[in-house]
Amino acid sequence: MMRPPIILLKDGTENKQGKGQIISNINACMVVADSVRTTLGPRGLDKLIVDSKGATTISNDGATILRLLDIVFPAASTMVDIARSQDAEVGDGTTSVVILAAEILKQMKPFIEDGVHPQLLIRAIGKACEKTLKELEGLEIKISGESELRDMLVKCAATTLSSKLVSQERQFFANMIVDAVNTLDAHLPLNMIGIKKVNGGNLNESRLIKGVAFQKAFSYAGFEMQPKKYIGVKVALLNIELELKAEKDNAEMRLTNVSDFQAVVDAEWNILYDKLQKIHDSGANVVLSKLPIGDVATQWFADRDMFCAGRIPQDDLERLMAACGGSVLTTVSQIEDSVLGKCGKFYEQQVGSERYNFFEECSKAHACTLLLRGGAEQFIAETERSLHDAIMIVRRAKKNDSIVAGGGAIEMELSRLIRDHAKGIEGKDQAFWMAYAQAFEMIPRQLCQNAGLDALDVLNKLRHRHAQGEKWAGIDIHREAVGDNLAACVWEPSLVKRNAITAATEAACLVLSIDQTVKNPRTASGGQMPGLPGM
């Protein structure tokens, strides 16, 4: 007698499983990698992405592109995650990590099709990854000494910027970024580097301010009467509203004579004037507040040769406090010299079509500002993303002062070392290790393809040179030849490669371990499962 089928899932649920599901996941990850593949390297091309609102983004940063693509395939979202983690951890190598992860999966795909159990592959490439990281540790070059360290940081920043939109000005920006990072304190907090974008001018007009600069705040009557330059500045940082305004709550007052009414009218004025007098008595000559400073207060300060600005953004106030010292006050009752920030020079200057306030020669110069110039808004936005990557690289390189040669050199050497090690492994694991080693060659291959070079010819030359013991032989894109990339100063922090290898291998293992996808049915109205109450 036939038994009735057991129904576990709701009608309409998608349920895919088995070998076909693993292969489908691998194919999806390869498609994701194809979307960013052509952005790799100095000759990489940019992507123009238009969102649902019509806003355009031009970028060749892997993490930015994948974030904007809005990928919905479940397994393929893993590639977006590793690109984001690489961006958050080291800032650069986001495209490389996605390409490497997809290539590892591509190399494992034939084994899955032949019926090899995924756990055997996961175990083998996990061990291969450990061996790769040990070999990488042995190849790292440590940098010591102040001048050598600065040289290394500039070259690492220049290598990062060589694949960006600002590659023509990479030396100019590399030095600027190293100076910016060296301005910070020992913890190198990223939020202490402010980046301000000003349309107009050219890239070479960009500048580094060792202090704080921000756009002139909204100003009231009397602002133009205030001085715009001070030497020996004391800054009062406030979170106080210095203006008269109507009460929000209704109230009823019964007054019997005119003098009482006048006292009520004068009360608010007296409270405001009392606050202003205390600020003046503290010795401050520049007053900045997160909240509005009204026209009465602005005129009052102008009469006493004091500068004021309200509605200052929170991050600018915090950076100013880090650079000049002092505290952000919520009351003026205890305001005195010890809670004021101090800097050597303050001035207001026109930058492009905007006016900016500059605070320089700060008493605690642990903050700085990059003022970026450029034509199109999208161009400046991409410049900002490029400099963010370079800043992250310099920060990481300063904390972990070891480098390797880029341009595909380190990948070819690791591929050779893993392949040599695999020859001593017995059984089918040898094939898995060989496939893992083969995956590393995709980075130099893609660099060749993006530069219009003959990838087959260049890879054969690289394999020959590495077999001869030239461990830093890589692709010199600008000469379109094979050369010693260590001598050519194509340097990358080893941390970038270590993080990329680890993230790519973990992502590959994760995708290989998924043999079933269950997709719940959705209602037409927007995502709630039928039969379940709304959240």
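Predicted model: local features only at pLDDT ≥ 70, side-chain atom pairs only at ≥ 80, totals over all residues.
View 1. Residues are numbered from 1 along each chain as its sequence is written, and side-chain values use heavy atoms, with hydrogens and water left out.

How much space lies in the largest pocket? The value is about 690 Å³. A pocket is found on a 1 Å grid over the protein atoms alone: an open set of points where a 1.4 Å probe fits, with protein on both sides within 12 Å along at least five of seven lines. Lining residues have an atom within 4 Å of a point. Grid points are joined across faces, edges and corners, and the volume is the space filled by probe spheres set on the points.

**View 2. Pro42, Thr159, Ser162, Ser163 and Val490 lie nearest the centre of the largest pocket.** In total, 38 residues line the pocket. The elements that give two or more residues to this lining are helices H4 (94-113), H6 (146-161), H7 (170-183) and H14 (442-451), plus strand E16 (473-476). H6 gives the most, with five residues. Helices (H or I, at least four residues) and strands (E, at least two) are DSSP runs, numbered from the N terminus.

**View 3. E16 and E17 form a hairpin.** E16 pairs with strand E17 (residues 481-484) in the antiparallel sense, over four bridges. Two strands pair if DSSP finds at least two bridges between them. Isoleucine 475 has valine 482 in E17 as its bridge partner. Four residues sit between the two strands. In the turn, glutamate 480 has a positive phi of about 55°.

**View 4. Strand E13 pairs with E12 and with E7.** Strand E12 (residues 341-351) and E13 are antiparallel, with eight bridges. Valine 351 has glutamate 354 in E13 as its bridge partner. This pair of strands forms a hairpin with two residues between them. Glycine 352, in the turn, has a positive phi of about 65°. Strand E7 (residues 211-215) also runs antiparallel to E13 (residues 354-362), over five bridges. Alanine 213 stands opposite phenylalanine 358 in E13.

**View 5. Three strands form an open sheet in the order E4-E15-E18.** The pairing is antiparallel. E4 (141-142) and E18 (491-493) are the edge strands, and each pairs on one side only. Two bridges join E4 to E15 (residues 402-405). Lysine 142 has serine 402 in E15 as its bridge partner. Helix H16 (residues 494-512) lies across E15 and E18, at about 60° to E18. Such angles run from 0 to 180 degrees between N-to-C directions; axes are lines fitted to C-alpha atoms, for helices over the stretch in contact. Contact means heavy atoms within 4.5 Å.

**View 6. An open sheet of three strands, E5-E14-E6, has mixed pairing.** Its edge strands are E5 (193-199) and E6 (207-209). The twist averages 20° from one strand to the next. E5 and E14 (residues 368-374) run parallel, joined by seven bridges. Asparagine 199 stands opposite glycine 374 in E14. Helix H11 (residues 377-399) lies across E5 and E14, running at about 160° to E5.
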